[in-house]
Amino acid sequence: MLHPPLAALGQVVQYYVKGVRSFIEQQVGVSMLAIVFAFVLVWLAVNLRHWPVATRVAGVFIALGAALNGLAIALNGRMPYEPAVAAAVGACVRAWRRPNESADANTRLPFLGDTIPIAPLHKVISPGDVLISGGACAMVVLAMCRHRRGQSVPSQTEGGES
């Protein structure tokens, strides 16, 4: 079954296995990011219906964020970023150019690109990244809080603080 580790493997391969990205993108004509997004979206589509409602909502946020990022990439060839915002937060623009492209007057739906500054991290992220991150965090929290049916949730006084 397809799952997120395949998506993570896809990202590792695209950045660290020489020639794979150029072969797939230039010879096959498929974006490596599209492959990564496909793995995650297929995994979500297969598994979403089996999860509790709150976890499904988190999964929908992840899928929506991936769709927004995918739309920005599909319309522009790469994820557009705002150079002035990247420079303002101290992002290394030379390194930034590799998976992204500088937004200009020809950029389609530039607001879906990397336009949100995260100064402490020296990064610029997209609205899709916000949805993906929020959904992933919610999914982790919900998975950690899940308990089996028929079991009571332990109270704070049971074996813990009073």
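Trainee: Is S126 buried or exposed, and what is its relative accessible area?
Mentor: S126 lies in the loop between β4 and α7; helices (H or I, at least four residues) and strands (E, at least two) are DSSP runs numbered from the N terminus. Buried means under 20% relative accessible area, exposed over 50% and partly exposed in between, with a 1.4 Å probe and protein chains only. S126 is therefore buried, with a relative accessible area of 0%.

Trainee: What pLDDT do local features need in this model?
Mentor: Residues are numbered from 1 along each chain as its sequence is written, and side-chain values use heavy atoms, leaving out hydrogens and water. The model is predicted: totals for chains, interfaces and linings use all residues, side-chain atom pairs count only at pLDDT 80 or more, and local features need pLDDT of at least 70.

Trainee: How far apart are the C-alpha atoms of S126 and M79?
Mentor: Contact means heavy atoms within 4.5 Å. With neighbours within four places in sequence left aside, S126 is in contact with N69, M79, L112, G113, D114 and I116. S126 and M79 are 47 residues apart along the chain, and their C-alpha atoms are separated by 9.0 Å.

Trainee: How many residues has the second, separate core?
Mentor: L112 of the largest core is in contact with L68, N69, L71, A72, M79, S126 and P127, its neighbours within four places in sequence aside. The second core is separate and includes W43, A58, I62 and M139. Its residue count is six.

Trainee: Are α4 and α7 roughly parallel or roughly antiparallel?
Mentor: Helix α4 (residues 53–76) and helix α7 (residues 127–145) pack with their axes 7 Å apart, at an angle of about 160°. Axes are lines fitted to C-alpha atoms, for helices over the stretch in contact, and angles run from 0 to 180 degrees between N-to-C directions. Angles under 35 degrees count as roughly parallel, over 145 as roughly antiparallel, 65 to 115 as roughly perpendicular and the rest as oblique. That is why α4 and α7 are roughly antiparallel.

Trainee: Which residues of α7 make the contact with α4?
Mentor: From α4 the contact draws on A54, T55, A58, G59, F61, I62, L64, G65, A66, L68 and N69. From α7 it draws on G128, D129, L131, I132, G135, A136, A138, M139 and L142.

Trainee: Where does H122 lie, given its positive phi?
Mentor: H122 is a residue other than glycine with a positive phi, near 55°. Its relative accessibility is 45%, so H122 counts as partly exposed. H122 is placed in the loop between β3 and β4 (123–125).

Trainee: What is the relative accessibility of L109?
Mentor: L109, also not a glycine, has a positive phi near 45°. L109 lies in the loop between β2 (100–102) and β3 (116–118). L109 counts as partly exposed because its relative accessibility is 32%.

Trainee: What share of the 162 residues is buried?
Mentor: The protein has seven helices and four strands, in the order α-α-α-α-β-α-α-β-β-β-α from the N terminus. Of its 162 residues, the buried share is 27%.

Conventions
Core = buried A, V, L, I, M, F, W, Y, C linked by side-chain atoms within 4.5 Å.
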